[in-house]
Amino acid sequence: MKEEYWYFGGLVLFYFGRLLYLYYQKRCYRKTGEEIADYRYERYLELRDEIFALKFEDLGIEAPNEEETAFALILEMHTYAVLQAVVAFSDGKVWAFNTANARKNVGDNKAVDLRSAAIEAVVAAQYHFARMRRRDADTLLPGHIKLHIITNQDIYSVGDRINEMLHESSEWAELITKAFAVADRIE
């Protein structure tokens, strides 16, 4: 009878050990996923800071004399799974980046519709930055959209929940429409 207990006890210990090992593997896999997500988020923040540090001269755009002029419009959106940003410049260049791939994608400079959409978006931004908050470029909350306008003198921002900003009666509807027109034309 004692031999049967040894066999049964060994079998229980084997399955208990196997269960602990599987739990350990799952925990290590989850931790690796978190580290990758942290790396991508950090890279996203680096790209974001790079955008906010840009000047007219860095892009080769001629700066206006004394007048405050917009030269970049940034649409930043935080869905619950990913942070995304689309940047339109006054010379027609477009940059896009997100936390899913953690690299900057530069729009095709030969795509005429993309260049014209970017230029239109920045022209529209020229008339809106006076109503925005100055130096409010902090990170987003999940489920929010934020617009940033970079001028030759400062950075202006406005943001709210996605459904509030996308509502057609929003005072930012024109800018949102122009920014999404740029995003739609990126290949």
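This is a predicted model: local features need pLDDT of at least 70, side-chain atom pairs count only at pLDDT 80 or more; totals for chains, interfaces and linings use all residues.
Residues are numbered from 1 along each chain as its sequence is written, and side-chain values use heavy atoms, with hydrogens and water left out.

Tyr7 sits in helix α1, residues 2-52; helices (H or I, at least four residues) and strands (E, at least two) are DSSP runs numbered from the N terminus. Is Tyr7 buried or exposed? Tyr7 is exposed, at 61% relative accessible area, where exposed means over 50%, buried under 20%, and partly exposed in between (1.4 Å probe, protein chains only).

Now the sheet. Seven strands form an open sheet in the order β4-β3-β2-β1-β6-β7-β5, with antiparallel pairing. At its edges stand β4 (105-106) and β5 (133-134), each with a single partner strand, so one side of each has no neighbour in the sheet. Two strands count as paired if DSSP finds at least two bridges between them.

Let's look at β1. Nine of its nine residues are buried, so β1 is largely enclosed by the rest of the structure. A hairpin of four residues connects β1 to β2. Further along, β2 and β3 run antiparallel with five bridges, and Val86 faces Ala96 in β3.

Leu73 brings us to the packing. Which residues touch the most other members of the largest nonpolar core? They are Leu73, Met132, Leu147, Ile149, Leu175 and Val182, out of 29 residues in that core. Such a core is a set of buried Ala, Val, Leu, Ile, Met, Phe, Trp, Tyr and Cys residues joined through side-chain atoms within 4.5 Å. The largest share, seven residues, comes from α3. Met132 touches Leu147, Ile149, Tyr156, Ser157, Val158, Trp172 and Leu175, leaving aside residues up to four places away in sequence; contact means heavy atoms within 4.5 Å. Apart from this core lies another, of 21 residues, including Leu45, Ile51, Leu140 and Ile150.

Last, the charges. With a salt bridge defined as a side-chain nitrogen of Lys or Arg within 4 Å of a carboxyl oxygen of Asp or Glu, the count comes to five. One of them pairs Glu76 with Arg48, whose closest N and O atoms are 2.5 Å apart. This pair links distant parts of the chain, strand β1 and helix α1, 28 residues apart, and both partners are buried. Another joins Arg43 and Glu46 at 3.2 Å, N to O. Those two lie three residues apart in α1, about one turn of the helix. Arg43 is partly exposed at 27%, as is Glu46 at 46%. Thanks, everyone!
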